[in-house]
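Thanks for coming, everyone. Let me put the structure up, and then I will walk through it piece by piece.

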Amino acid sequence: MGEILDGLGAAAVLVFTLDPYLVEISLRSLAVTLSAVLVASLIGLPLGAWLAVRDFCGRRAVVIVLNGLMGLPPVVVGLFVYLLLSRSGPLGVLGLLFTPWAMILAQVFILLPLIASIGLQVMGDLWEEYAEMLTSLDATPTQQMGTLLWEGRHGLLTAALAGFGRGIGEVGAIMIVGGNIDHATRVLTTAITLETSRGNFALALGLGLVLIALALTVTAAMHLIARNRGTHP
Amino acid sequence: MSRRAGSRGLLPLELRAAQAERAGKRVAGPVDLVIAGRGLTCVIGPNGAGKTSLLKMLHGLLPLSAGELRWQGAPEGLRARQGFVFQTPVMLRRSVLENLAYPLRLHGLGRTAARARAAHWLERVGLAALGEHPARGLSGGERQKLALARALVREPELLLLDEPCANLDGAATHAIEEILQAARREGTRIVMTTHDLGQARRLADEVLFVVHGKIHESGPAGRFFEAPRTGEARAFLNGEIVR
């Protein structure tokens, strides 16, 4: 109980003094995860829309694989991206290993199946409702996908938020490809791991509380933005 | 399906020995039908007779398992020159005005022009005051008016309607019929299904009586209602159950 109270105290001190260490790793956490969510959404949501409107041989298998990949172990992704970006790997020449770019890439691999699968679920339901109407109005497949993406925007925001929730709390992959380097690739989750291993439980708990607060704040902010856009239910 | 190139219009639209199946079971046909000229055709028949399937075959929404659908003009012009109103209209999660502008935007009209034309049609169907309201918040009658306006906004040559007044009250039905009469006067060819014989008597120039997915009897409405030729049609008009 004492450590929890100490953790709350440490969190309060870090937040109210705007501790530079906390601010730096919090901003890096946000930048890495929001970038990964953005990239994964830009790929995953159109992919979900495409799978919703197209019927082709093997579609069911693709959907099953996509759903299965939602549970992709982050450490395996981290290892894969590490091998991809390591000096002897196919993308080693880019020199991205142990940079935030590598962390973003790893998170994109983790978030893409999640965002695409939730997006497919949302737009698949919409497609059942809209298919005949859109076909009747002679919408092209691209227009059909665009319509589903727009009409499903509230549900798709949930997909992006689920991706953000998974990304901001992720530690395995970014530890492997980022290396937890101070002032370079350290983020909230890797800092928590480090402080725990050092026995600084209060600080680790404080960072954990800040992480939770950050996740809740971003989620609430995105919901508020969506609501204030004045879209019709 | 096959099409003939040639004149710019869609009509005549023909079904030749056309059949359609769902899950291996025949739902309509074989049907031979020509939709041409002007006027309003009512498709009537008992529940489950295949009226909606016939309409969807004409619209290309229900693929033919046998026979063919032929029309004039460009191969891709079938649905572009038709409007379709579903029995339960689907509204986009947008305003009333945006729902109406949507088909115009799909076909390349700019936002301002599309909204202007949509606003004109909202006036015509009496929904101008609701332009900025969410379409999914409309009443049943208002939704059906909006669906009708959405089908008419691209000025189709052929308008297909599936039970457009089902579950509507008298006032809403009257309003829909007024819009249909106006469209007919302006030269839109109309084919609609209805279970309401009174409505068929009020509106139809021609009647198609459908039983078991086939056109059992067809002809001018006056003659059909005064002197039906088949026993099934007589029984149906007498309010008996036709099996």
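Helix 1 of chain A is followed by A:Leu18, and the phi of A:Leu18 is positive, near 50 degrees. Helices here are DSSP runs of H or I with at least four residues, strands are runs of E with at least two, and both are numbered from the N terminus. Helix 1 itself covers residues 2–16 of chain A. Its 15 residues, at 1.5 Å a residue, should span 21 Å, and the end C-alpha atoms are 21 Å apart, which agrees. The expected span is 1.5 Å times one less than the number of residues.

A word on what you are looking at. This is a predicted model, where local features need pLDDT of at least 70, side-chain atom pairs count only at pLDDT 80 or more, and totals for chains, interfaces and linings use all residues. Residues are numbered from 1 along each chain as its sequence is written, while chains are lettered from A and ligands numbered from 1 in the order in which they are written.

Chain A, then. How many helices and strands does chain A have? The count is 10 helices and zero strands. From the N terminus, the elements read α-α-α-α-α-α-α-α-α-α. The C-alpha trace of chain A spans about 65 × 45 × 30 Å along its principal axes.

Now the packing in chain A. Helix 4 (residues 74–85) of chain A packs on helix 5 of chain A at an angle of about 130 degrees, with the axes 9 Å apart. Axes are lines fitted to C-alpha atoms, for helices over the stretch in contact, and angles run from 0 to 180 degrees between N-to-C directions. That makes helix 4 of chain A oblique to helix 5 of chain A. The cut-offs: under 35 degrees is roughly parallel, over 145 roughly antiparallel, 65 to 115 roughly perpendicular, and the rest oblique. This crossing is right-handed.

Helix 4 of chain A brings A:Pro74, A:Val77, A:Gly78, A:Val81 and A:Leu85 to the contact, and helix 5 of chain A brings A:Ala102, A:Leu105, A:Ala106, A:Phe109 and A:Ile110. Contact means C-beta atoms, placed from the backbone, within 7 Å. By class, that is nine nonpolar, one polar and no charged. Ala, Val, Leu, Ile, Met, Phe, Trp, Tyr, Cys and Pro count as nonpolar, Asp, Glu, Lys and Arg as charged, and the others, Gly among them, as polar.

Helix 5 (residues 100–136) of chain A also meets helix 7 (residues 153–168) of chain A: the axes come within 9 Å and cross at roughly 155 degrees. So helix 5 of chain A is roughly antiparallel to helix 7 of chain A. The crossing is right-handed. Contact residues include A:Ile110, A:Leu114 and A:Ile118 of helix 5, and A:Ala159, A:Gly163 and A:Arg166 of helix 7. The contact divides into 10 nonpolar, six polar and one charged.

On to chain B. An open sheet of three strands has the order 2-1-4, with antiparallel pairing. Pairing takes at least two DSSP bridges between two strands. The edges are strand 2 (25–35) and strand 4 (66–70) of chain B, each pairing on one side only. Twist averages 25 degrees from one strand to the next. Strand 1 (residues 13–22) of chain B pairs with strand 4 over four bridges. In that pairing, B:Arg16 has B:Glu68 as its bridge partner.

Elsewhere in chain B, strand 3 (residues 40–44) runs parallel to strand 8 (residues 206–211), joined by four bridges. There B:Thr41 partners B:Glu206. Strand 8 also joins strand 9 (residues 214–220), antiparallel, through six bridges. B:Val210 stands opposite B:Ile215. Strands 8 and 9 of chain B form a hairpin with two residues between them, and B:His212 in the turn has a positive phi of about 50 degrees.

Last, the chains together. 15 residues of chain B are in contact with 13 residues of chain A. Helix 2 (77–80) and helix 3 (96–106) of chain B each supply at least two residues of that side of chain B.

Key:
Contact = placed C-beta atoms within 7 Å. Left-handed = near helix turned anticlockwise from the far one by under 90°.
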